[in-house]
Amino acid sequence: MVRLVHATETFLYHQARWTELFDVCVLGIAAARHGGDRADEAWFLIRSGWARLQVSGWERAAADLHAALALAREVDDPYLIAYALNDLGDICLRQGRYRDAPAHLDLALPLSRGTDNGRQEAFVRTNRSRALAGLGRHDEALAHAERALVLRRRSDDREGEVFTLDRLARVWQALGDHGKAIALCEQAIAIGPEHAYRPDLAAAFDTLGASALHVGDSERAASCRHRALEILDDFGDHRAAALRARLGAAGDPPSGRLLP
């Protein structure tokens, strides 16, 4: 039962079928509890928290993730502990609370090393880069993002590579090198929707649009950002409204806020 629920929730997550996904996570939690498997219970709480994070259900996401963290610590599972901590850090990042995120991410990083063929460390390092960039510490952010990209490619994590390439591009934007930012976004987009989590692909188009505007290519900038909006609308992502409002603003200045 638990394996069936796990396969189903992965499919629903990539299809943005949130209501069904929440229901499946509830079934997974119940099945794990019935079987007395605390690790599986923690995993489904993590997945529930992550899914709620996608629709900005911050309070419920945090509650699920804190419950998962307690269970993961109870069974002494470093992988699950790091996963829950990373996602708690992600909540802070999505809310713009960059000073709060390291409290979770700094604990997750040492636990993530050597797990899942490097994929988990890459995820934590990418989020650590986001936090550092948000604090204006761009050189440190660059080092974490570059290491994350090495790990993504070493493990052939194409989906994760799109996410990390976009975040690395944003660091180069902040450092003023829009040529590098554009090249990195083009690499992310070239990976294609068959391998990417679609909101991450939208973010790469949005980032590319910002740098295109900086180098004077307003036509490409508008095209990229409209493509980002199409993807978010199709996916049902809550960030579509903010992007639509920004596109509707006169001039859409190059310093305009990117997707979180």
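The model is predicted. Arg 128 forms a salt bridge with Asp 106, with the closest N and O atoms 2.6 Å apart. Asp 106 lies in helix α6 and Arg 128 in helix α7, so the pair ties together parts 22 residues apart in sequence. Asp 106 itself is partly exposed, at 39% relative accessible area.

I then checked Arg 119. Its salt bridge goes to Asp 116, and the closest N and O atoms are 2.7 Å apart. The count for the model comes to 25 salt bridges.

Next I turned to α3. It has 17 residues, 38–54, and should span 24 Å at 1.5 Å a residue; the end C-alpha atoms are 25 Å apart, which agrees. I found 14 of the 17 residues buried. At the start of α3, a side-chain oxygen of Asp 37 comes within 3.1 Å of the backbone nitrogen of Ala 39.

Within α3, Arg 38 and Glu 41 sit 3 residues apart, about one turn of the helix. Their side chains form a salt bridge at 3.4 Å, N to O. Arg 38 is partly exposed at 35% relative accessibility, while Glu 41 is buried at 5%.

Last, I looked at packing. The largest nonpolar core has 38 residues, and Ile 46 and Leu 69 are among those touching the most other members. Another core, of 33 residues, lies apart from it and includes Cys 185 and Leu 232.

Notes: Residues numbered from 1 in each chain as written. Predicted model: local features only at pLDDT ≥ 70, side-chain atom pairs only at ≥ 80, totals over all residues. Heavy atoms only, no water. Helix = DSSP H or I, 4+ residues; strand = E, 2+ residues; numbered from the N terminus. Expected span 1.5 Å × (residues − 1). Buried < 20%, exposed > 50% of the residue type's maximum accessible area, 1.4 Å probe, protein only. Polar contact = N/O pair within 3.5 Å; in protein donor to acceptor, adjacent residues only side chain to side chain. Core = buried A, V, L, I, M, F, W, Y, C linked by side-chain atoms within 4.5 Å. Salt bridge = Lys/Arg side-chain N within 4 Å of Asp/Glu carboxyl O.
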